[in-house]
Every structure is written in C-alpha cells, then in structure tokens.
Amino acid sequence: MSVSLFLLAALLLLVLYVRKSSKPPLPPGPRKLPLIGNWLDVPATFQWKTYARWSKKYNSDIIHLNLLGKSIVVLNSFAATDELLEKRSSIYSDREDFPMVNGLMGWDFNAASMRYGDEWRIHRRLFNQEFNVRASRKYESRELLGTRKLLQRLISHPDMFLTHFRQMMSEVILSSTYGIEALPSDDPYVELADEAMRGLAAGNVPGVWLVDIFPILKYLPSWFPGAGFKRKALEWRGWARGMMDVPFAETKRQMELGTAPPSYTVDYLRALEDSNHAFYEEYHVKATSGIMFAAGTDTIVSSLGTFVLAMLANPEAQKKAQEELDSVLSMQALPTFEDRESLPYVSALVKEVLRWENVTPFAVSHRVTVEDEYRGYRVPAGSVVIGNTWALLHDEKVYPDPHSFKPERWLLNGRLNPAVRDPEAAFGFGRRQCPGKHMATSSIWIVVASMLATFDISKAVDAEGRVVEPTYEYIPGLVTTPVPFQCAIKPRGPQAAALIQASL
Ligand code: HEM
C-alpha cells in the first residue's frame, strides 16, 4: 500500500514538473531571491534608466521582475509595445487595484487608474468625444488667450516663469472644464486641486503602503495600532473629493442662476437634461471634469519647463526657430494656430521637447488580464506591464544621438518627415493612451511659438557676472519635472514688447 502511495505521489510530481517545464520560460531579468524576488535590485528612483540598461544586458526587449511576489514585465522597444500594448490591447488595458489610492483615498473617480471595464468605458467615451483631434480644437482660443497673458506676465516677472506656466494651465483648464475664471493668484479652486495632487503624490508611492501589498489591511479599523495609513488616507480623501465636488457645485449653481458660461461641464449636463438615452450620468460628468486639472496641469507645465531647459542646452535651435518665426511673421504679429503649417521647425522643436525628457517615463503601468506569450516568453496573467517610454524615446536605432536635443531629426527638406516615428509614446499606449494628447500638444505648441517669437531665453548670470549653468536634473515620479532652475527671459526688442502689450 505504502509503495503504491509513493508511486502515485511520484507520478503526480512528474506530471506537475512536465506541465511546468512545458510552459514557455519567463522573460529574462536579474536573478530573483526567494520571497522578495528583485526587490533589492530595483532602484528607488529613475527605474526607467535601469530597466533600459537591463534590456541591453539581457539582450531582450522584454524583461521580467518579481517584486514581493508581483510579476512585472517591462517592454523596452517599439516592437514590443506595438505588439502587446497596441495590437493586443484587448488584454493589455487593465490597471492594478491600487487599494491605497483608489480605495482608501477615494480616487476611484479617476479614469486613469480605473480597472478596464464598463465604468472606465463610459469615462473614456466622454474624454474621447471631448478631446478627439477635431473636438479639441475648440480649446485653442482659450490656449491662445492663456498664452497671451503668459507673455505679459513674463515681461513683468520673467524669473517666475514656472509659476506663470502653472497659472496659465490652471486658467485654461478651469475655464474650459467649469467656465470658472481663475484668480491671478491664490485661486481657491487651484488651491483645492493642488492639495488633492499633494495627497496623490504622497499616497501614490509604490511599495510604501503595506495595504498595497496586503489589501486585506484596508479592513483594519482606523484606531488600530499601525493603521495610521487609514487616518492619512481619510485626510487625503477629503482633498480629492474637494477637487471634484467644489468647482462642480459652483458650476451647477451658476447654471441654476442662468449665468454659467459654456464649458465641458455645462455642455454635458445640458445634453443630459435633453436626452433620455445618454450613455452617461451626472456623476460621470463630475468625475471626468474632476480629473482634468490633475491630468493636464502638471504634465504640461513639466513639458514647458523642459522646453526652457532645452533652449539653454541648445541656443542654436532657439535661433533657427526664431529665424523661421521672423520669416513668417516679420515681427508684425504674434503667432496663432493658423501659422502652424508654415512653422515646421517650431513643430519639430515641440516634438523634440516631448521626446528629449518625456514627462511620464513609464507612462502609467498596464495590467494583462490573461496569460500571453511574446518572443517565446511567457507573460503571466495579472502581470503589471510597463511600457518604458523613456527607453523607446531614447532608442538610438530610432532616434540617433538620443540624448542630444535636435529638432532637425524630425525634418526632411524643410518639412516634417513622416518617416520619423512620432513621439506619441510620450502619451502612453493602446486603449489607455492619453485622451488629452491633442490638447496638450497644441497648448505646448502655442506657448513655444509665442515665447520664441518674442523672447530670448538664455542662461542666467549671477551678481558677479558668472553664468549660472543649469544642472538639467529632474525630480522623478509618475510625472517627472525639472528641478527648479534659473534662466534669463528677455523681450527680443521694443517691437516684441509692444506686440505683447497690444495683444490683449
Ligand atoms: C504633456 C501633457 C500630457 C502627458 C505627457 C500625458 C501623458 C499621459 C500618459 C502617459 C497616460 C497613460 C497612458 C497609458 O496608460 O498608456 C495618460 C493618461 C491620461 N491622460 Fe494624459 N497626458 C498629458 C496631458 C493630458 C491632458 C491635457 C488631459 C486632459 C485634459 C489628460 C488626460 C488623461 C486621462 C483622462 C488619462 C487616462 C486614460 C485612461 O486610463 O484611459 N492628459 N496621460
């Protein structure tokens, strides 16, 4: 009897072994330790650069890591992201659960962190309807007005350029979303959004909150020893809800009074009143409005900071763009969106800004819902799948000399060269790709064109007459931003200053 039991157990083990070894191997990656996996290998910051290095070391555009039991797959080439995140988008478009942020901190209204499913589809449909390439053109007049105000502020306080970028984008987004005109400083709605974003930044640090690793901890009562995270989350939840609820309530109040100017919120609430068959409810308008400030402000401000840094790194590019602008506008007018076709060098410069130091080096991680296979490697179901946009946009085979800022790479015979791969990976991938990409690109374009038409951007000089060299350093994060730096922004002459003064 005991012999037959032994034989049966041996047979079972053999079957399990054969089944396991008949599965394709996991993609290569650093050696994993028991239980913690690669936890000690992964640096706390700038992981995208490490992953790009590992991809070269293991000679594979797909690498695998295990972080405390979680399977992580990193894609480091366009071939891999095109195949998995684009072509197989139907299984690669989920997100992780994020118990701390989505659950306890109440960010479950955020389409960007929502699981792939019916609720996300409704939010996404609203975004796509509002921000597709044609529809997003309606925001151009607000972007233009915001840029003109920015130019005026740059004349008075050029050293505060980063603050002005933020003020401009806050104004554009608040007015477009709610019809609310932001105050020039200390605006209460902007402060609410800033507060919410501070909470999000603190709560959204991978690996910091045990509840993200052991979701069961969310059931601990707040008073329980060690449940400080629940008390923190409750405070941050109030901030997130404030950002969503307060401006929305104000717009509804104005609608009741009949004084609400047109905006995203007003348009979609009115359409709801007029229809019995809308695919969305009032809550969806509130939630999508609530996320626009969070999604659109810091990302665009970071790109504009990179633009200024790029001008310090490459004064030649600035000069060429200014020559192009002068040849089209003859210093008689400020640029408008109608000039876009005539300004290919400026458009190339904007593409290079998006590529050179991309704002979201990891995009936002996706999650694969079923087991899959790529290049003979197994991608386990439920893996976090990271499209390493930084690696893609710095791939020397696609963008030679990738760390230099070179707008020329996008041009051929003075026109944009369609053969060079667009930097739209900066906006992520597949079905989850950023719906605000057209609005973002046009906002950046009009600021870049207008600033270069009217200002010279150069390195700052200190009291002793020494040039202040920028460090070109970035603060890492989901949204990376340049470390605040100094520079000199001066009108290109009295004519430029007069054009700005006359423009409003
Ligand atoms: C330079 C500016 C911007 C950059 C670099 C950027 C980048 C991104 C990235 C990388 C993603 C994740 C894509 C993925 O999962 O693969 C994303 C998602 C998203 N972005 Fe943007 N974004 C920008 C501006 C905006 C603006 C202006 C808006 C709206 C007005 C916006 C709204 C969203 C939303 C709603 C999502 C979630 C999409 C989803 O999960 O389905 N973004 N963005």
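Trainee: In this predicted model, which residue's side chain meets aspartate 94 in a salt bridge?

Mentor: Side chains of opposite charge can pair when their charged atoms come close. In this predicted model, the side chain of aspartate 94 takes part in a salt bridge with an N to O distance of 2.8 Å. Aspartate 94 sits in the loop between helix 3 (78-87) and helix 4 (99-104), while its partner belongs to strand 3 (residues 366-367), 273 residues apart. The partner is arginine 367.

Trainee: Does aspartate 94 count as buried or exposed?

Mentor: A residue counts as buried when its relative accessible area is under 20%. The relative accessibility of aspartate 94 is 3%, and therefore aspartate 94 counts as buried.

Trainee: How many residues apart in sequence are the parts that lysine 351 and aspartate 422 tie together?

Mentor: Lysine 351 and aspartate 422 form a salt bridge, with their closest N and O atoms 2.6 Å apart. Lysine 351 lies in helix 14 (residues 344-356), whereas aspartate 422 lies in the loop between strand 8 and helix 16, so the pair ties together parts whose separation in sequence is 71 residues.

Trainee: Which protein residue is the only donor of the iron atom of the ligand?

Mentor: The donor atom is an SG at 2.3 Å from the iron atom, and the residue that carries it is placed in the loop between strand 8 (415-416) and helix 16 (437-454). That only protein donor is Cys434.

Trainee: How many salt bridges does a search of the whole structure find?

Mentor: Besides the pairs already discussed, Glu83, Lys87, Arg88 and Asp372 are linked in a network of salt bridges. For the whole structure, the search finds a total of 35.

Technical notes
Residues numbered from 1 in each chain as written. Predicted model: local features only at pLDDT ≥ 70, side-chain atom pairs only at ≥ 80, totals over all residues. Heavy atoms only, no water. Donors = N, O, S within 2.8 Å, 3.2 Å for Na, K, Ca; no water. Helix = DSSP H or I, 4+ residues; strand = E, 2+ residues; numbered from the N terminus. Salt bridge = Lys/Arg side-chain N within 4 Å of Asp/Glu carboxyl O. Buried < 20%, exposed > 50% of the residue type's maximum accessible area, 1.4 Å probe, protein only.
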